[in-house]
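Student: I've got a structure to go through for class. Can you walk me through it?

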Amino acid sequence: IRAIYGPFVLVHSPLNAGGIAALAIILSAILASGEYKEKILHPPVPAGLALCCVLAPIALVFAPTLSFPLLSDDWTHIFTVTHGGDGYPVHVFLVSGSDHFFRPVTMVTYYFDQFWAGLIPWRWHLASFVLHLANTALVFMLARRLGFSVFSSSAAALLFGLQGTRPEAVLWLAARFDVLALFFALLTLIFWLKF
(Lines give C-alpha, C1' and ligand atoms only; values in the text may rest on other atoms or scores of the structure.)
Protein backbone atom coordinates (compact mmCIF):
# COMPACT_ATOMS: atom_id res chain seq x y z
CA ILE A 1 0.00 0.00 0.00
CA ARG A 2 2.84 2.39 0.83
CA ALA A 3 4.41 1.64 -2.56
CA ILE A 4 1.24 2.86 -4.26
CA TYR A 5 0.22 5.76 -2.00
CA GLY A 6 3.59 6.93 -0.72
CA PRO A 7 4.99 9.04 0.79
CA PHE A 8 7.70 9.11 -1.86
CA VAL A 9 10.92 10.62 -0.60
CA LEU A 10 14.39 10.14 -1.94
CA VAL A 11 16.01 8.35 1.00
CA HIS A 12 13.18 6.56 2.83
CA SER A 13 11.21 5.46 -0.18
CA PRO A 14 8.74 2.67 0.58
CA LEU A 15 10.07 0.78 -2.42
CA ASN A 16 13.76 0.13 -1.82
CA ALA A 17 16.01 -2.25 -3.75
CA GLY A 18 14.83 -5.26 -1.75
CA GLY A 19 11.19 -4.36 -2.39
CA ILE A 20 11.81 -3.92 -6.10
CA ALA A 21 13.54 -7.31 -6.20
CA ALA A 22 10.63 -8.96 -4.37
CA LEU A 23 8.07 -7.41 -6.73
CA ALA A 24 10.15 -8.47 -9.75
CA ILE A 25 10.23 -12.06 -8.49
CA ILE A 26 6.48 -12.07 -7.87
CA LEU A 27 5.81 -10.56 -11.29
CA SER A 28 8.08 -13.14 -12.95
CA ALA A 29 6.24 -15.96 -11.19
CA ILE A 30 2.87 -14.58 -12.29
CA LEU A 31 4.00 -14.10 -15.88
CA ALA A 32 5.56 -17.55 -16.03
CA SER A 33 2.55 -19.27 -14.43
CA GLY A 34 0.79 -20.08 -17.68
CA GLU A 35 2.01 -20.93 -21.15
CA TYR A 36 -0.83 -19.01 -22.77
CA LYS A 37 0.07 -15.86 -20.86
CA GLU A 38 3.62 -16.11 -22.17
CA LYS A 39 2.43 -16.18 -25.77
CA ILE A 40 -0.02 -13.31 -25.31
CA LEU A 41 2.06 -11.00 -23.11
CA HIS A 42 5.48 -11.74 -24.54
CA PRO A 43 5.84 -12.58 -28.19
CA PRO A 44 8.79 -14.86 -28.96
CA VAL A 45 12.12 -13.04 -28.90
CA PRO A 46 15.40 -14.78 -29.72
CA ALA A 47 17.41 -15.32 -26.55
CA GLY A 48 20.53 -13.73 -28.05
CA LEU A 49 18.66 -10.54 -28.93
CA ALA A 50 17.08 -10.41 -25.49
CA LEU A 51 20.48 -10.80 -23.85
CA CYS A 52 21.92 -7.96 -25.96
CA CYS A 53 18.97 -5.79 -24.90
CA VAL A 54 19.82 -6.58 -21.27
CA LEU A 55 23.57 -5.95 -21.54
CA ALA A 56 23.26 -2.66 -23.47
CA PRO A 57 21.68 -0.58 -20.66
CA ILE A 58 24.05 -2.08 -18.11
CA ALA A 59 26.99 -1.08 -20.29
CA LEU A 60 25.56 2.44 -20.63
CA VAL A 61 25.06 2.81 -16.89
CA PHE A 62 28.52 1.55 -15.94
CA ALA A 63 30.50 3.13 -18.83
CA PRO A 64 31.07 6.49 -17.09
CA THR A 65 32.66 4.69 -14.15
CA LEU A 66 35.61 3.61 -16.28
CA SER A 67 37.07 7.06 -15.63
CA PHE A 68 37.08 6.55 -11.85
CA PRO A 69 40.49 6.47 -10.14
CA LEU A 70 41.93 3.43 -8.43
CA LEU A 71 41.54 3.29 -4.64
CA SER A 72 43.72 2.22 -1.71
CA ASP A 73 43.63 -1.60 -1.88
CA ASP A 74 43.69 -1.49 -5.66
CA TRP A 75 47.21 -0.10 -5.56
CA THR A 76 48.29 -2.78 -3.07
CA HIS A 77 47.23 -5.56 -5.44
CA ILE A 78 48.77 -3.86 -8.46
CA PHE A 79 52.06 -3.35 -6.58
CA THR A 80 52.04 -6.99 -5.48
CA VAL A 81 51.66 -8.37 -8.99
CA THR A 82 53.98 -5.89 -10.70
CA HIS A 83 56.77 -6.68 -8.23
CA GLY A 84 56.07 -10.40 -7.99
CA GLY A 85 58.65 -11.48 -10.55
CA ASP A 86 58.41 -14.03 -13.33
CA GLY A 87 57.45 -16.91 -11.05
CA TYR A 88 54.56 -15.01 -9.51
CA PRO A 89 51.69 -16.90 -11.21
CA VAL A 90 52.96 -20.18 -9.70
CA HIS A 91 54.15 -18.68 -6.41
CA VAL A 92 50.72 -17.21 -5.67
CA PHE A 93 49.26 -20.74 -5.48
CA LEU A 94 51.78 -21.73 -2.78
CA VAL A 95 51.48 -18.92 -0.20
CA SER A 96 48.93 -16.37 0.93
CA GLY A 97 49.11 -12.88 -0.53
CA SER A 98 50.47 -9.71 1.02
CA ASP A 99 46.99 -9.09 2.45
CA HIS A 100 47.16 -12.51 4.20
CA PHE A 101 44.36 -13.97 2.08
CA PHE A 102 44.74 -17.00 -0.16
CA ARG A 103 42.98 -15.93 -3.37
CA PRO A 104 45.30 -17.09 -6.14
CA VAL A 105 42.93 -17.09 -9.12
CA THR A 106 42.10 -13.41 -8.81
CA MET A 107 45.72 -12.51 -8.16
CA VAL A 108 46.66 -14.31 -11.38
CA THR A 109 44.05 -12.24 -13.27
CA TYR A 110 45.68 -9.12 -11.82
CA TYR A 111 49.06 -10.43 -12.91
CA PHE A 112 47.95 -10.80 -16.53
CA ASP A 113 46.01 -7.51 -16.48
CA GLN A 114 49.17 -5.60 -15.60
CA PHE A 115 50.68 -6.37 -19.01
CA TRP A 116 48.01 -4.46 -20.91
CA ALA A 117 46.62 -2.17 -18.21
CA GLY A 118 49.85 -0.78 -16.80
CA LEU A 119 48.92 2.03 -14.43
CA ILE A 120 45.93 3.21 -16.49
CA PRO A 121 42.86 3.00 -14.21
CA TRP A 122 40.19 2.64 -16.89
CA ARG A 123 41.84 -0.51 -18.25
CA TRP A 124 41.78 -2.14 -14.82
CA HIS A 125 38.14 -1.15 -14.41
CA LEU A 126 37.32 -2.49 -17.85
CA ALA A 127 38.45 -6.00 -16.90
CA SER A 128 36.12 -6.05 -13.88
CA PHE A 129 33.34 -4.44 -15.92
CA VAL A 130 33.58 -7.19 -18.55
CA LEU A 131 33.39 -9.78 -15.77
CA HIS A 132 30.21 -8.11 -14.50
CA LEU A 133 28.68 -8.27 -17.97
CA ALA A 134 29.68 -11.95 -18.16
CA ASN A 135 28.02 -12.58 -14.79
CA THR A 136 24.88 -10.86 -16.00
CA ALA A 137 24.85 -13.10 -19.08
CA LEU A 138 25.35 -16.12 -16.83
CA VAL A 139 22.37 -15.09 -14.67
CA PHE A 140 20.32 -14.96 -17.88
CA MET A 141 21.60 -18.40 -18.91
CA LEU A 142 20.91 -19.85 -15.46
CA ALA A 143 17.35 -18.55 -15.50
CA ARG A 144 16.83 -20.08 -18.96
CA ARG A 145 18.32 -23.37 -17.75
CA LEU A 146 15.86 -23.31 -14.83
CA GLY A 147 13.02 -23.07 -17.35
CA PHE A 148 12.12 -19.39 -17.14
CA SER A 149 10.92 -17.63 -20.26
CA VAL A 150 13.16 -15.31 -22.24
CA PHE A 151 11.26 -12.35 -20.78
CA SER A 152 11.60 -13.53 -17.16
CA SER A 153 15.25 -14.45 -17.68
CA SER A 154 15.89 -11.00 -19.14
CA ALA A 155 14.14 -9.35 -16.19
CA ALA A 156 16.24 -11.38 -13.73
CA ALA A 157 19.49 -10.54 -15.55
CA LEU A 158 18.60 -6.86 -15.82
CA LEU A 159 17.71 -6.69 -12.15
CA PHE A 160 21.00 -8.37 -11.27
CA GLY A 161 23.06 -6.17 -13.59
CA LEU A 162 21.61 -2.87 -12.42
CA GLN A 163 20.92 -3.67 -8.76
CA GLY A 164 22.39 -1.12 -6.38
CA THR A 165 24.60 -3.63 -4.58
CA ARG A 166 26.81 -4.26 -7.63
CA PRO A 167 28.84 -1.05 -8.09
CA GLU A 168 31.34 -1.73 -5.32
CA ALA A 169 32.17 -5.20 -6.63
CA VAL A 170 32.41 -3.94 -10.20
CA LEU A 171 34.21 -0.62 -9.68
CA TRP A 172 36.54 -1.40 -6.83
CA LEU A 173 39.40 -3.41 -8.24
CA ALA A 174 40.07 -5.03 -4.87
CA ALA A 175 36.55 -6.52 -4.96
CA ARG A 176 37.23 -8.53 -8.10
CA PHE A 177 37.45 -11.53 -5.80
CA ASP A 178 33.65 -11.32 -5.38
CA VAL A 179 32.98 -10.91 -9.10
CA LEU A 180 35.16 -13.91 -9.96
CA ALA A 181 33.68 -16.04 -7.18
CA LEU A 182 30.21 -15.37 -8.57
CA PHE A 183 31.41 -16.08 -12.10
CA PHE A 184 32.60 -19.55 -11.13
CA ALA A 185 29.56 -20.21 -8.92
CA LEU A 186 27.17 -19.38 -11.76
CA LEU A 187 29.16 -21.49 -14.23
CA THR A 188 29.08 -24.38 -11.77
CA LEU A 189 25.30 -24.13 -11.35
CA ILE A 190 24.72 -23.95 -15.10
CA PHE A 191 26.93 -26.95 -15.84
CA TRP A 192 25.48 -28.90 -12.92
CA LEU A 193 21.95 -28.30 -14.21
CA LYS A 194 23.05 -29.24 -17.71
CA PHE A 195 24.61 -32.44 -16.41
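Tutor: This is a predicted model. Among its contacts between residues at least 6 apart in sequence, 69% join residues at least 24 apart.

Student: ok, how many helices and strands are there in the protein?

Tutor: The protein has 11 helices and zero strands.

Student: and how much of it counts as buried?

Tutor: Of its 195 residues, 36% count as buried.

Student: Let's pick α7. How many residues does it have, and how far does it reach?

Tutor: Helix α7 covers residues 104–117, which is 14 residues. From first C-alpha to last it reaches 19 Å, close to the 20 Å expected at 1.5 Å a residue.

Student: Which residues in α7 are buried?

Tutor: P104, T106, M107, V108, Y110, Y111, D113, Q114 and A117 are buried.

Student: What covers them?

Tutor: The cover includes α5 (72–82), α6 (88–91), α8 (121–145) and α11 (176–194).

Student: Take α11 then. At what angle do α7 and α11 pack?

Tutor: The angle is about 115°, and the axes of α7 and α11 are 9 Å apart. So α7 is roughly perpendicular to α11. The crossing is right-handed.

Student: Which residues make the contact?

Tutor: On α7 they are V105, T106, M107, T109, Y110 and D113. On α11 they are R176, F177, L180 and F184.

Student: What classes are those in?

Tutor: The contact of α7 with α11 has six nonpolar, two polar and two charged residues.

Student: Last one, what follows α7?

Tutor: G118 follows α7, and its phi is positive, near 55°.

Technical notes. Residues numbered from 1 in each chain as written. Predicted model: local features only at pLDDT ≥ 70, side-chain atom pairs only at ≥ 80, totals over all residues. Heavy atoms only, no water. Helix = DSSP H or I, 4+ residues; strand = E, 2+ residues; numbered from the N terminus. Expected span 1.5 Å × (residues − 1). Buried < 20%, exposed > 50% of the residue type's maximum accessible area, 1.4 Å probe, protein only. Contact = heavy atoms within 4.5 Å. Axes fitted to C-alpha atoms, helices over the stretch in contact; angles between N-to-C directions. Parallel < 35°, antiparallel > 145°, perpendicular 65-115°, else oblique. Left-handed = near helix turned anticlockwise from the far one by under 90°. Nonpolar A, V, L, I, M, F, W, Y, C, P; charged D, E, K, R; others polar.
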